[in-house]
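Me: I would like to go through this structure term by term, asking in each case what the label rests on. Please set every value against its definition before concluding.

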Amino acid sequence: MTTKDFQKVHFIGVAGTGMSAIAQYLAGIGKTVTGSDRYFVDGKLNDTGERLVACGIRCFAQDGSGILPDVNLVVVSTAIEDTVPEVQKAKALNIPIVKRSNLLNIIAGDRKTIAIGGTSGKSTTSAMLYDIMNRAGYAPGIISGAGLVSLIKENKIGNAAVGNGEWLIIEADESDGSIVEYHPQIGVVLNIDKDHQEIGELENIFNIFKKNTKELFVVNDDNLYTKKLSSGLQYDFSSDIHSGAGFIAQHYHQKGLEISFTINNQSFSMQTIGKHNMENAAAAVAVASQIGISLQVCADALKSYEGIYRRHQLLIKKKNLYLIDDYAHNPVKCASSIRACQEIAPKVIAWFQPHGYGPTRFLKNDFIAEISSALREEDEIWMSEIFYAGGTAEKNISAKDLTDVILANGKKAFFVSDRNDFLKTVRPHLVGECVLLLMGARDPSLEDFAKQMAKEL
């Protein structure tokens, strides 16, 4: 199948970040797009739904009313089970059903594709590379998992843009193994850490991704597991696009909310935090340089980089208090997020809402170890109960199981089951100069929770 084989597409679960990005992209290239979501209820849309409508995408409640006989294709995410009535209706009408990753692979076949993979940093690196390529006049397209602030300012969701150039930047997701479907011109692997799967399974997946990459393969040599992927790569000075380019980021320094570093002796400064963002920038610069963009243009672009939504997003700075919202949701990400905030203030109070009973159970010991290691004596970790998105999950673990062990490890850990009780409970702890860091993912109401926190503070 190619994008020429369908015209009218319906998305089940269109409000999800990955789904909404592809829906907008298809609408942008002239397809007729509709979508439904369980968050569209009582005739009302959420903010994402309203912005989709503004892009020309008609939205429906998840009741089957949007699936009509003239629909050519129905798209589902991995979270949509076969028992969903809309899936059953599509089957009854003999409408082809594809997963989001299958459709993204079809779209990628239309253009020269740069696929960004890795356990962490995919959205950020994609956004950085998008800004660099735009600054250089390449006008790329992007299908991302998070909204770019620069695009959000245009009253868009911000996670997709068509662009009129030959390149398309996409996130290649390893969580469901779909990364093996892509055959990009350029493949990037930022890191491999235990997340949705064990390390060994992830290594196998990324090795297939490496074999599928056609022209340039970029890996992070500082990560223990991605370093293995660099084996066998050749550096060919005679090739316009080649592997093993040797881009070295060093001299990292963070002052408040700004970081500085060098890449191959070129100075960079960015309005963001965390050493992991230097690594993300290095990956973006390595790709950009290999397609002909100078280090100076890369530095100029990243100096004005505005970031992406809910990635260390500063919501308020009030006297000695910083409120920062972050998408961190796996053990390494949570630890990195806490450490990045430690450079801002002498005390970090981090709040985390785990998502999914299965993932939390799978990563329990890793969460405990990583967060315990990241916390300083004066820092605190707070957790509220696990976010439940529905389905047939076995609810035999609590976030309290994590905080109890972190507390036993000698760190300051607290459990507040209902997140609506968090602020009034934590207020007495907000003394002196400190960062209040909110962490969590998958729950679409986290955005409103963070805004309410900012309002009440």
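Me: How many aromatic pairs does the count come to by this rule?

Reply: The count comes to 8 aromatic pairs, where rings of Phe, Tyr and Trp (its six-membered ring) pair if their centres lie within 6.5 Å. This is a predicted model, in which local features need pLDDT of at least 70 and side-chain atom pairs count only at pLDDT 80 or more, while totals for chains, interfaces and linings use all residues. Residues are numbered from 1 along each chain as its sequence is written, and side-chain values use heavy atoms, with hydrogens and water left out.

Me: What makes the pair of Tyr 357 and Tyr 388 edge-to-face?

Reply: Planes under 30 degrees apart count as stacked, over 60 as edge-to-face and the rest as tilted; the planes of Tyr 357 and Tyr 388 stand at 65°, with 6.2 Å centre to centre, and the pair is edge-to-face. Tyr 357 lies in helix α12 and Tyr 388 in the loop between β18 (380-383) and α13, so the pair ties together parts that are 31 residues apart in sequence. Helices (H or I, at least four residues) and strands (E, at least two) are DSSP runs, numbered from the N terminus.

Me: Why are α12 and α13 called roughly parallel?

Reply: Axes are lines fitted to C-alpha atoms, for helices over the stretch in contact, and angles run from 0 to 180 degrees between N-to-C directions. Angles under 35 degrees count as roughly parallel, over 145 as roughly antiparallel, 65 to 115 as roughly perpendicular and the rest as oblique. Helix α12 (residues 357-374) and helix α13 (residues 399-408) pack at about 30°, with axes 10 Å apart, and are therefore roughly parallel to each other. The contact (heavy atoms within 4.5 Å) includes Phe 367 and Ile 371 of α12 and Leu 402 and Val 405 of α13.

Me: How do you know that α11 and α12 are roughly parallel, and which residues meet?

Reply: The axes of helix α11 (residues 331-342) and α12 cross at roughly 15° and come within 8 Å; the two helices are therefore roughly parallel to each other. Among the residues that meet are Ala 335 and Ile 338 in α11, and Phe 367 and Ile 371 in α12. The contact divides into 9 nonpolar, 2 polar and 3 charged residues, where Ala, Val, Leu, Ile, Met, Phe, Trp, Tyr, Cys and Pro count as nonpolar, Asp, Glu, Lys and Arg as charged, and the others, Gly among them, as polar.

Me: How do you know that β12 pairs with β13, and what is the strand order of their sheet?

Reply: Two strands pair if DSSP finds at least two bridges between them; 5 bridges join β12 (residues 249-255) to β13 (residues 258-263), which run antiparallel. Another 5 bridges join β13 to β14, also antiparallel. The open sheet of 3 strands has the order β12-β13-β14. Ile 259 stands opposite Gln 254 and has Met 270 in β14 as its bridge partner. Helix α9 (residues 275-290) lies across β12, β13 and β14, at about 45° to β13.
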